[in-house]
Amino acid sequence: MGTKIHKKLNELAATAICGNDISSSVLYVSALAIAFAGQYAWITLLIVSLVLFLFRKIYGEVVGALPLNGGAYNALLNTTSKGMASFAAALTLLSYMATAVISANEAIHYLHHLIPSMPIIIATIVLLAIFASLTIGGITESAKVAIGIFLFHLSSLVILSGFIIYFLSNNGIELFLENWHFSGNGGSISNAIFFGFAASMLGVSGFESSANFVEEQQKGVFPKTLKNMWSIVSIINPLMAIFALALFTIPILQSPEYQNTLLVEMGKHVGGKWVAVLISIDAFLVLSGAVLTSFVGVSGLLERMTLDRILPQFFLKKNKKGSSYRIILMFFFLSVSVLLITNGNVKLLAGVYTISFLSVMVLFGVGNILLKVKRSKLPRPEKASWLAVIIAISAVSLALIGNIIMEPKDGLPSNLTIFLDYFIPTILFIIFMLNRTVLLTFLLNVMHTIFDPVRNFVLKTDKKILKTINKINSQEFVFFTKGDKISTLNKVMLYILKNEHTKKIKIVIALEKGQKVPENLPQEIDFLDREYPEIAIEFLIVEGKFSPELIKELSKKWNIPINFMFIGSPSDKFPYKIEELGGVRLII
């Protein structure tokens with residue numbers, strides 16, 4: 001039976017999967033840029049577009065030369081060390097985790113405006129579970145959903161833009177000109193543009209996702225996905241910032257309500273309630289699509305890491321659809337745990353999302369430089385110039401620095417603090433996995449150092465105790481019989497079981513010349529031997545008269561101290577004194 005061939009993604013499907021993430025940024029990035037840069041927000045967004053244009057070539061060169069899943073991890077794995085590549089992978093994993101949780105939670109918040117009775121945390125978990133199931137169902141099935149969401153999102157933005165253009169054609173753009181001369185920001189223009197650019201760089205999250213599932217794409221599709229994503233954010237994000245500045249004053253745009261749901265407010269302002277509802281539904285869907293992007297991207301990344309034996313081979317198991325379902329389930333449970341730990345306050349994850357995503361972009365640029373230097377002979381369909389790479393890395397580094405030094409809002413911890421809270425455990429886990437054989441060997445040596453002396457002591461003590469037990473058990477019990485009944489002999493056996501350590505007994509009968517062994521005695525001893533298999537019975541007939549002298553002679557011959565034992569008490573007819581026999585045990 002032949003192996004089932006899994007269909008690879010065409011341009012629309014691949015663009016939709018990663019495009020939902022990057023295009024969902026329009027819901028927040030314009031408002032965020034205005035919060036920091038005011039009237040210059042659209043300029044900062046155009047600068048972001050320029051930086052992203054440079055990164056198109058950077059990503060195209062690296063993935064063209066090394067067309068494998070893993071993104072920055074794959075780039076650094078083939079140019080540096082597994083440790084450095086794993087550092088990039090940890091950052092990418094955190095970026096996807098934060099994207100999944102934030103996008104799912106924000107999507108539910110938009111839906112909550114339409115259905116106020118809906119419990120947010122439970123609904124967020126359900127949404128994460130739905131997209132985990134979709135991804136487990138196979139990438140082609142996921143792509144169908146992603147395409148539907150993507151086309152609906154673009155259509156919604158076209159409708160919104162149409163209403164805004166119609167509104168402005170009737171009402172003019174005087175408000176935009178007033179905002180352009182607004183001077184209430186405080187601080188310098190350069191500071192406003194710097195921090196606005198740093199915040200605006202969050203609008204390109206998702207650009208790196210296509211590189212993480214390149215193996216699932218048809219030949220030649222990857223560079224097209226980069227071009228399509230660049231085109232979308234270059235048009236939509238600056239345009240929405242310009243529209244916003246033409247519709248509302250800057251103080252209103254910087255207010256909390258407009259920061260959270262800017263496009264919904266714009267839709268309500270120009271088209272009434274139904275346009276606002278359309279944008280709310282669109283926001284819910286496209287943010288949900290960003291969750292799907294996270295699941296698809298992380299699946300490609302962690303599968304590559306598992307193939308490189310950084311993660312346990314347990315995660316390589318695939319289902320009939322070709323999905324690494326164990327990776328997807330692990331990421332789902334990780335995302336849910338983070339949601340519960342933050343108690344739904346996912347704004348706490350902004351620092352994780354920001355720093356990890358921008359760091360991954362910087363590292364990808366570094367991977368491009370190393371690829372040029374170390375693997376220059378590898379064929380590649382396109383090349384980024386040295387100048388373009390240096391400018392791109394510098395720009396993203398500046399954005400990274402800006403987000404690190406940015407003052408936190410609403411009494412939240414700084415971006416760096418929150419990032420380190422999540423990054424340190426993640427990187428420690430990766431370090432352990434990379435060095436697990438060394439660490440396990442070290443642990444083994446420590447255990448041997450601590451416990452070997454104890455083990456040796458226990459073994460020696462064990463041998464000594466066993467030797468003592470064997471010595472005790474090897475001592476023989478001697479019972480002199482004059483042909484007693486079996487009931488008497490049975491009492492002797494029971495006494496030995498209950499009171500003696502020995503497992504050996506000599507049953508002795510002393511016969512003078514002419515005396516015979518009682519007829520039933522041998523058969524009775526055979527019976528006792530079968531009845532008490534745990535006691536070794538030896539039946540001996542000795543010549544001579546039973547007397548203290550005979551006892552002493554046998555004791556010396558057998559090297560056994562013989563104590564005399566009576567069943568009951570010695571009778572008056574017993575011809576010897578007790579002290580002559582060496583000792584007495586009485587069985588009453």
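User: Helices (H or I, at least four residues) and strands (E, at least two) are DSSP runs, numbered from the N terminus. With that settled, where is L311 found?
Analyst: This is a predicted model, and in it L311 sits in the loop between α15 and α16, the latter covering residues 325–341.

User: Is L311 buried or exposed there?
Analyst: L311 counts as buried, because its relative accessibility is 5% and the cut-off for buried is under 20%.

User: Which residues is L311 in contact with, leaving aside neighbours within four places in sequence?
Analyst: Its contacts are L302, M305, T306, F429, M433 and R436.

User: Let's zoom out. How many helices and strands does the protein have?
Analyst: You'll find 23 helices and 5 strands. The radius of gyration is 43 Å, well over the 25 Å that the globule rule gives for 588 residues, so the protein is more spread out than a compact globule.

User: What box do the C-alpha atoms fill?
Analyst: Roughly 145 × 60 × 55 Å, taken along the principal axes.

User: What share of the residues is buried?
Analyst: Buried residues come to 48% of the 588. The protein exposes about 28400 Å², with 64% of that supplied by carbon and sulfur atoms.

User: What about charges, how far apart are the mean positions of the positive and negative ones?
Analyst: The 51 positive and 38 negative charges have mean positions 8 Å apart.

User: Switching to aromatics: how many pairs are there?
Analyst: The count comes to 13 aromatic pairs. One of them is F87 with F423, an edge-to-face pair at 5.5 Å centre to centre and 90° between the planes.

User: Where do F87 and F423 lie?
Analyst: F87 is in helix α5 (residues 82–114) and F423 in helix α19 (residues 415–434), so this pair ties together parts that are 336 residues apart in sequence. F87 is partly exposed at 28% relative accessibility, whereas F423 is buried with a relative accessible area of 10%.

User: How do F163 and W274 pair up?
Analyst: They are also edge-to-face, at 5.6 Å centre to centre with 75° between the planes. This pair links distant parts of the chain, with F163 in helix α7 (residues 139–171) and W274 in helix α15 (residues 273–307), 111 residues apart. F163 is partly exposed, its relative accessible area being 26%.

User: Which residues form an aromatic cluster?
Analyst: F55, Y59, F207 and F364 form one.

User: Okay, new residue. Which helix is M493 found in, and what does M493 touch?
Analyst: M493 belongs to helix α21 (residues 486–499). Not counting residues up to four places away in sequence, M493 touches I505, L528, Y532, I535 and I537. At 1% relative accessibility, M493 counts as buried.

User: How far is M493 from A399?
Analyst: The separation is 93 Å between their C-alpha atoms, for residues 94 apart along the chain.

Methods:
Residues are numbered from 1 along each chain as its sequence is written. This is a predicted model: local features need pLDDT of at least 70, side-chain atom pairs count only at pLDDT 80 or more; totals for chains, interfaces and linings use all residues. Side-chain values use heavy atoms; hydrogens and water are left out. The radius of gyration is taken over C-alpha atoms; the globule rule is 2.2 Å times the number of residues to the power 0.38. Buried means under 20% relative accessible area, exposed over 50%, partly exposed in between (1.4 Å probe, protein chains only). Accessible areas come from the Shrake-Rupley method with a 1.4 Å probe; for residues, only the protein chains shown count as cover. Lys and Arg count as positive and Asp and Glu as negative; His and the chain ends are not counted. The place of a charge is taken as NZ of Lys, CZ of Arg, CG of Asp or CD of Glu. Rings of Phe, Tyr and Trp (its six-membered ring) pair if their centres lie within 6.5 Å; planes under 30 degrees apart count as stacked, over 60 as edge-to-face and the rest as tilted. Contact means heavy atoms within 4.5 Å.
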